[in-house]
Amino acid sequence: MIEIHNVQKSFNGNPILRGIDCVFETGKCNLLLGGSGTGKSVLLQCIVGLMKPDIGSITFDGTVFTNNKVDIKQEIRRKIGMLFQGSALFDSMTVFENTEFPLKMLTPEMTREERRDRVEFCLKRVGLENAGNKMPSEISGGMKKRVGIARAIAPNCTYLFCDEPNSGLDPATSIKIDELIHEITHEYGITTVVITHDMNSVVEIGDHIIFLHKGQKLWDGNKDEILNTTVPELKEFIFSSSLVRAAKKVDEESEGGLAAIVDETLSDEQANERAG
Ligand SMILES: Nc1ncnc2c1ncn2[C@@H]1O[C@H](COP(=O)(O)OP(=O)(O)OP(=O)(O)O)[C@@H](O)[C@H]1O
C-alpha cells in the first residue's frame, strides 16, 4: 500500500499539487485519472523520488519515503518497477538484454544462469518467449510495451508504475496491454499505479481510481461507481472521453445502458445534438 498525505508541489510559485491525500491499494490496479496538465506526472515523480514534494509525506507499506535516509529510500526504489510512456527500451540491446538490464543493475548477486531463467520466465509471462533475440526496431509498439512490462517485473517489483501504457497503441492492442497489467497485478499481489486519461482503461482495469483536477483529488472510487459520480468536473471528463469500449461494457452490465446515463447527464441541447 502506498499512502500519500498532503502532498504539495509548486513551480515558481505556481501550485501544481494542492495537498493530495490518497491511498494506492495493494493487489489492485490503481488508476491516476485526469486531463492534461492536472499534475498526474508530477505526483508520480514525487512518489518514485524523481521530484521532492514541498510539503507532505509518501509512505510505502508503512515505511516513510519522503525525507528518509538514503539507504532506506534506495531499498524502496529497488522494489519499484516502471513502465515508461514510450517504453524507453535501449535500441542497441536485444529484447533479452533489455529485460536483463535491471537484474544486472539491481541484483549483482544473481548468477548468469539465474538471470537467464528469470528473463525467460518474464518474457514468457508477457507472451514474448520467442522474441528474445529481436532488436527493438524489429518489434511492434505493443510488443515494446510488453518488453517494458517484462523489464519492470524482472526484479520482482512490489510496486509497478505505468505512465500512460496505452499511448500510441491501437484500441485492440491497448486492451491486451491493459489486461496484461491487470493480470500481473492480481497474480503477484503488487501495488500498481497507472497514469491514464483513457476511460477505456477505467472500465477495463479500474480497481481503484483517483481523479485529479487542477492539482486536487476530487474523487476516488472504482470502475463500477464512476459513472454514477456527482462530481461535475469528473462528469465532464467522462462524457467528453471516447466511450466506445465503456459503452459496450456498461450496456452488458446495466439495464439502462450507457445511453440513458449520458442523456441524464447532458443538457437537453447537448443530448439533441448527440442524437443528431
Ligand atoms: N519541472 C517542471 N517545472 C515547471 N513546471 C512543471 C514541471 N513539471 C511539470 N510542470 C507543470 O505542471 C503542470 C502539471 O504537469 P503534469 O505533467 O503533471 O500533467 P499531467 O496531468 O501528467 O498531464 P498529461 O496528461 O498531459 O501528461 C503542467 O502545467 C506542467 O507544465
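Predicted model: local features only at pLDDT ≥ 70, side-chain atom pairs only at ≥ 80, totals over all residues.
**View 1. The shell around the ligand.** Phe11, Ile16, Gly34, Ser36, Gly37, Thr38, Gly39, Lys40, Ser41, Val42 and His197 surround the ligand; a residue is near it if its C-beta atom, placed from the backbone, lies within 6 Å. Helices here are DSSP runs of H or I, at least four residues, and strands are runs of E, at least two, numbered from the N terminus. By class, the shell has three nonpolar, seven polar and one charged residue (Ala, Val, Leu, Ile, Met, Phe, Trp, Tyr, Cys and Pro count as nonpolar, Asp, Glu, Lys and Arg as charged, and the others, Gly among them, as polar).

**View 2. The open sheet of four strands.** The order is β2-β1-β4-β5, with antiparallel pairing; two strands pair if DSSP finds at least two bridges between them. β2 (14–24) and β5 (63–64) sit at the edges with a single partner strand each, so one side of each has no neighbour in the sheet. Eight bridges link β1 (residues 2–11) to β2, and lysine 9 has leucine 17 as its bridge partner in β2. Helix α1 lies across β1, β2 and β4 (55–60), running at about 120 degrees to β1.

**View 3. The open sheet of six strands.** Here the order is β6-β7-β8-β3-β9-β10, and the pairing is mixed. β6 (80–83) and β10 (216–221) are the edge strands, each pairing on one side only. From one strand to the next, the twist averages 20 degrees; angles run from 0 to 180 degrees between N-to-C directions, and axes are lines fitted to C-alpha atoms, for helices over the stretch in contact.

**View 4. Helix α3 against helix α4.** α3 (residues 95–106) packs on α4 (residues 112–125) at about 120 degrees, with the axes 9 Å apart. Val95, Phe96, Thr99, Glu100 and Leu103 in α3 meet Arg115, Arg118, Val119, Cys122 and Leu123 in α4 (contact means C-beta atoms, placed from the backbone, within 7 Å). That contact has six nonpolar, one polar and three charged residues.

Note on methods:
Residues numbered from 1 in each chain as written. Contact = placed C-beta atoms within 7 Å.
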